[in-house]
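Please find my notes on the model below. They go from the whole chain to single residues.

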Amino acid sequence: IGTIGVQALFMTMDEMERTTIANPEGTGETFDAGSYAFAFCFARSLTDRFSIGLNAKYIHEQIYHSAAHGIAFDVGTLFETDFYGMRIGMSITNYGAKMRMNGRDLLIQSDIDPLVHGNNENLNANLQTDAYDIPLMFRVGLAMDLLQKSAKNSLLIAIDALHPNNDLEYINVGGEYSYNRFVFLRAGYKTLFARNSEEGMSLGGGLRFRMPGSRSIDLHYSYQDFGLLKDIQNFTFCFQF
């Protein structure tokens, strides 16, 4: 019937000291923030060259005692041509309803009319936050193997054009050279033409150790220049079966 999968994404951070206008140096309290998403994934080949995929996900964001949650969907298609095995992909991600922060942090005490003396200055009130859109992204990409006719060598190049609903368009480019599907060397550049981007050049490589049957073990490393956030390094271990 196709391919199914599940996905879980988490972002956490250390606790921070709470400050207010009255206590800019800190109140002695601490708070944390974070988000997570769970997704169910389904993909299927409709023909020998055309496939489609769908993610349905639940998103939760939280800061202090307030939180927002919502449902979103990703839809993507992939088409493989006869021209050097060129693949054309398109996707729309984070298509869903707006989210809104709610929680006991929004409960306050207020004076309805501070110009009137003698009224109750401590009426319970509830602040209402604006609903906000989940960042919607449309992307289209091309990938092809320039050495497709070689038995052992492969040179894959790829380019993505991205259109977010909350920023300017930008382009990602990259390439991967592999020898005998054992040694991999990679390079790329993200967010070309994006405004005030901190991301820069990425470099990486990996090894694939084949095992009996269709199983294999992959070890990968990548480095990325991230401007003010300095260098980012990723280590990946993958077992395929």
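This is a predicted model: local features need pLDDT of at least 70, side-chain atom pairs count only at pLDDT 80 or more; totals for chains, interfaces and linings use all residues.

The numbered points that follow cover the overall form of the chain and then a few individual positions.

1. Secondary structure and overall form. The protein chain has 17 strands and 0 helices. Its radius of gyration is 24 Å, whereas the globule rule gives 18 Å for 241 residues; the value is well over the rule, so the chain is more spread out than a compact globule. The C-alpha trace spans about 90 × 40 × 40 Å along its principal axes.

2. Burial and surface. Of the 241 residues in the protein chain, 23% are buried. The accessible surface of the chain is about 16,900 Å², and carbon and sulfur atoms account for 60% of that area.

3. Contacts along the sequence. Taking contacts in the protein chain between residues at least 6 apart in sequence, 41% join residues at least 24 apart.

4. Asp218. Asp218 sits in strand 16, which runs over residues 216–225. Its side chain makes a polar contact with the side chain of Arg208, at 3.0 Å. Beyond its neighbours within four places in sequence, Asp218 is in contact with Leu207, Arg208, Thr236, Phe237, Cys238 and Gln240.

5. Thr191. This residue belongs to strand 14. Its relative accessibility is 10%, under the 20% cut-off, and Thr191 therefore counts as buried. With neighbours within four places in sequence left aside, the contacts of Thr191 are Tyr170, Ile171, Asn172, Ser197 and Glu199.

6. Leu107. Which class of accessibility does Leu107 fall into? At 55% relative accessibility, Leu107 is over the 50% cut-off and so counts as exposed. Leu107 is found in strand 9, residues 107–110. Not counting residues up to four places away in sequence, Leu107 touches Ala125 and Asn126. Leu107 and Asn124 are 17 residues apart in sequence, and their C-alpha atoms are 7.1 Å apart in space.

7. Backbone at Tyr64. Most residues other than glycine have a negative phi. Tyr64 is not a glycine, yet its phi is positive, at about 55°. The residue lies in the loop between strand 5 (50–63) and strand 6 (66–80). Its relative accessibility of 22% falls between the 20% and 50% cut-offs, so Tyr64 counts as partly exposed.

8. Backbone at Asn196. Asn196 is not a glycine either, and has a positive phi of about 60°. Where is Asn196 placed? Asn196 lies in the loop between strand 14 (183–192) and strand 15 (201–210). Its relative accessible area is 70%, over the 50% cut-off, so Asn196 is exposed.

Conventions. Residues are numbered from 1 along each chain as its sequence is written. Side-chain values use heavy atoms; hydrogens and water are left out. Helices (H or I, at least four residues) and strands (E, at least two) are DSSP runs, numbered from the N terminus. A polar contact is a pair of N or O atoms within 3.5 Å; within protein, one must be able to donate a hydrogen and the other to accept it, and residues adjacent in sequence count only if both atoms are side-chain atoms. Contact means heavy atoms within 4.5 Å. The radius of gyration is taken over C-alpha atoms; the globule rule is 2.2 Å times the number of residues to the power 0.38. Buried means under 20% relative accessible area, exposed over 50%, partly exposed in between (1.4 Å probe, protein chains only). Accessible areas come from the Shrake-Rupley method with a 1.4 Å probe; for residues, only the protein chains shown count as cover.
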